Structure formats: C-alpha cells, structure tokens
Amino acid sequence: MIPIIHQLSLNENHSPALPGVREAIESAADRVHLTLDALAAELSAEIARDLGVDPAMVVAGAGSGALLQQFLSAHSGPGTAVVHAWPSFELYPVLIRNAGAAPVAVPPKGHLQDLDALAAAVTGETRVVLLCNPNNPTGEVLDGPRLARMLDALPPDVLVLIDEAYREFAEPGAVADGIALLGDPRVAVVRTFSKSHGLLGLRVGYLVANERVAAALRPTTPFFRVPTVAQAAALAALRAPDRMRAQCAAVAAERDRVRAGLVELGWDVPPSGGNFLWLRLGGRNQSFVDHLAANGVAVREIAGAGVRVSTGTPEANDLVLALAKEFAA
Ligand code: PMP
C-alpha cells in the first residue's frame with residue numbers, strides 16, 4: 001500500500017501554531033496534577049468578552065463535536081426529531097441518534113441547501129434545526145438575509161443550532177454571523193478552536209446561546225471537560241486574533257488557487273467558505289479518490305455525492321492540481 005504523504009481528508013489546518021500557544025502549553029504542564037477548572041471559567045469569560053456577550057451565554061466543551069452532542073442530548077431526545085440539510089457534516093445523524101432523536105435529512109435544491117424545504121420539514125416533533133455554515137462538505141456559505149428569512153419561517157419553539165466550525169475561512173462580509181442573531185432566543189451557535197486556531201488535537205470548542213438554552217448543557221459538562229493544557233492553549237490562541245485571521249486568509253487563498261486550477265480543467269467545483277473544496281465528478285468520484293490515494297494523497301468521498309479535498313500546504317495543493325490534470329488528461 002502507498003503510504004499517505006498528504007492527509008487532505010480531515011480538514012486540518014496546516015498553518016504554524018499561533019504565537020504564545022507553545023509557551024502556554026509548556027507552562028500549563030506544571031499544573032496538570034491539579035484539579036482542573038471544570039467549567040473553563042476563565043476561557044469562557046474571555047470568549048464572552050471577545051464576543052460582547054454575557055458569560056452565562058457561553059459553554060466551553062471538549063471540541064464542538066462534544067458540544068453538538070451535549071446540545072442535542074439537552075434539547076432533543078426520544079420521540080423528537082432534528083432537521084438538517086444533506087449532504088452536511090457526517091456526524092450529525094450519528095449525534096442525533098445518540099441523543100435518542102430521529103434525524104430528518106433534507107436534500108439540496110440543485111446544488112444549494114434548500115432552506116424552504118428545511119423549514120417545511122419541521123413538524124410538531126421537531127426540537128432543533130441544525131445548520132452548518134459554511135457547510136461541510138459543500139463549502140456553501142449562508143449570508144445573513146438568507147438565514148434571517150429561514151428563521152422567520154420557523155415556529156417559535158424550535159431551536160436553531162448554527163455550526164460555524166469553518167466560519168473564519170469564509171469571506172467575513174459574506175457569511176452570516178450567528179452571534180449577531182442571538183437576539184432571537186431560538187438561536188444557538190457552536191464554534192471551535194480545531195480549525196481556525198489549529199488546536200484540533202487539544203479538543204476545545206464553545207457554544208453561545210441565551211442563558212436558559214446554554215444552562216441546559218451544564219449538567220453534561222463534567223463528561224466533556226476541557227483539559228487544563230487545552231484551556232491554556234485556547235486562551236493563548238484567542239489572544240492572537242490578527243495572526244489567526246491572517247493564517248486563515250492564507251488558507252482561503254490557497255483554497256481559491258486550487259479551485260481556479262480545477263475549474264480551468266472544466267470541473268464542477270463550487271466556491272467554498274471552508275478550508276476544503278467540494279468536487280462533483282459524477283461517476284468518476286471514486287476513481288479520482290483512488291488516483292490521489294495511489295499517489296499518497298488522502299481525500300474523502302462523501303455520501304456518494306462528491307469528493308471533499310481539504311486545503312493543505314502549498315506543496316500538497318500543487319500535487320493535487322498536478323494529479324487532477326493527469327486524471328483529466
Ligand atoms: N462541525 C463540523 C461541521 C465539522 O466538520 C467538525 C469536524 N470535522 C466538527 C463540528 C467537530 O469539530 P471539533 O469537535 O474538533 O470542534
């Protein structure tokens with residue numbers, strides 16, 4: 001078997017560590033034998049200050065995946081349903097079933113998420129509508145007005161959880177800011193340090209919602225604690241917003257460079273707001289994945305619908321482009 005030389009199937013951020021992160025990890029190492037700050041109070045307070053919200057609205061967790069699970073367990077369950085678009089993050093149906101609820105997957109209209117159909121899929125059983133913005137794996141970005149129209153179409157007792165795992169890679173003016181929608185008590189936003197801040201292996205994310213919705217997650221927090229070292233690294237990363245933004249912009253520029261090269265080949269690759277691209281090669285999806293794998297590049301085929309290629313180092317991206325040209329020839 002050919003070893004994987006470039007791992008482009010996991011949407012990792014290959015930028016260098018943000019300034020201060022290594023030092024924070026090193027100094028937190030002196031405290032790992034002590035009881036940890038279970039609620040990550042300092043980190044939550046700093047996130048709240050940054051966002052301009054009340055600290056009671058912020059819940060830190062061991063990655064946004066854990067927070068999605070906490071939210072779904074707190075706000076849905078047996079006999080209820082959770083509506084989400086498809087294709088979207090592959091874990092959504094798994095997390096919804098883990099919570100005991102029924103996932104309701106809504107197919108796209110053409111190549112875009114069908115927000116009217118999402119609203120129409122809501123029934124008396126629906127507790128949560130789950131939106132991914134930008135959407136993994138398609139990269140589609142929902143802007144503020146489109147999201148606001150969708151909120152208008154939903155009943156008052158349905159919560160809307162907006163997963164913004166990739167928002168920092170999108171054009172700031174083009175992507176809805178979930179935090180700006182928090183005046184609507186149905187809205188909750190989940191974000192992560194895994195992608196934009198490059199802390200995937202440390203497991204830190206946060207959820208922001210009105211106090212009542214957020215408080216319902218706290219009983220599950222003891223099972224999803226953010227470790228001492230991870231809290232320290234996240235705090236340091238939070239204090240480097242300019243570098244974080246510059247590094248995400250560099251990833252986005254690389255993503256767009258790869259897209260331009262693929263579009264030049266005549267391939268169907270929609271614009272993306274994530275650190276990945278979505279390739280729709282029809283019946284050739286699997287053979288493209290195999291062609292890359294045979295040359296040491298791992299990418300992901302999803303839901304039989306397309307191939308997701310994460311943006312890697314410039315060297316990895318050059319290889320993807322060269323292999324795509326070879327494949328197309
Ligand atoms: N949401 C989306 C859309 C994702 O793609 C991922 C990870 N691939 C997550 C949440 C979970 O990320 P983490 O738990 O590392 O924060």
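In β12, E301 has V307 as its bridge partner. The model discussed here is predicted.

Student: Which residue of β12 is the bridge partner of L279?
Tutor: Strand β9 covers residues 276-279, and β12 covers residues 306-310. β9 and β12 pair in the antiparallel sense over four bridges. Within β12, the partner of L279 is V307.

Student: What is the order of the strands in the open sheet of three strands?
Tutor: Strands of a sheet pair through backbone hydrogen bonds, either parallel or antiparallel. In this open sheet the pairing is antiparallel, and the order is β9-β12-β11. Each of β9 and β11 (300-302) pairs on one side only, so by definition of pairing through bridges the edge strands are β9 and β11.

Student: Are F276 and W278 of β9 buried or exposed?
Tutor: F276 and W278 point one way from β9, while L277 and L279 point the other way. A residue counts as buried if 20 or more other C-beta atoms lie within 10 Å of its own. F276 and W278, like L277 and L279, are buried.

Student: At about what angle does helix α10 run to β12?
Tutor: Helix α10 spans residues 285-293 and lies across β11 and β12. Its angle to β12 is about 30 degrees.

Student: How many residues of the shell around the ligand are polar?
Tutor: There are 13 residues around the ligand, and G63, S64, G65, T192 and S194 come nearest. Four residues of the shell are nonpolar and one is charged, while the polar ones number eight.

Technical notes: Residues numbered from 1 in each chain as written. Predicted model: local features only at pLDDT ≥ 70, side-chain atom pairs only at ≥ 80, totals over all residues. Near = placed C-beta within 6 Å. Nonpolar A, V, L, I, M, F, W, Y, C, P; charged D, E, K, R; others polar. Buried ≥ 20, exposed ≤ 12 C-beta atoms within 10 Å, placed from the backbone. Helix = DSSP H or I, 4+ residues; strand = E, 2+ residues; numbered from the N terminus. Pairing = 2+ DSSP bridges. Contact = placed C-beta atoms within 7 Å. Axes fitted to C-alpha atoms, helices over the stretch in contact; angles between N-to-C directions.
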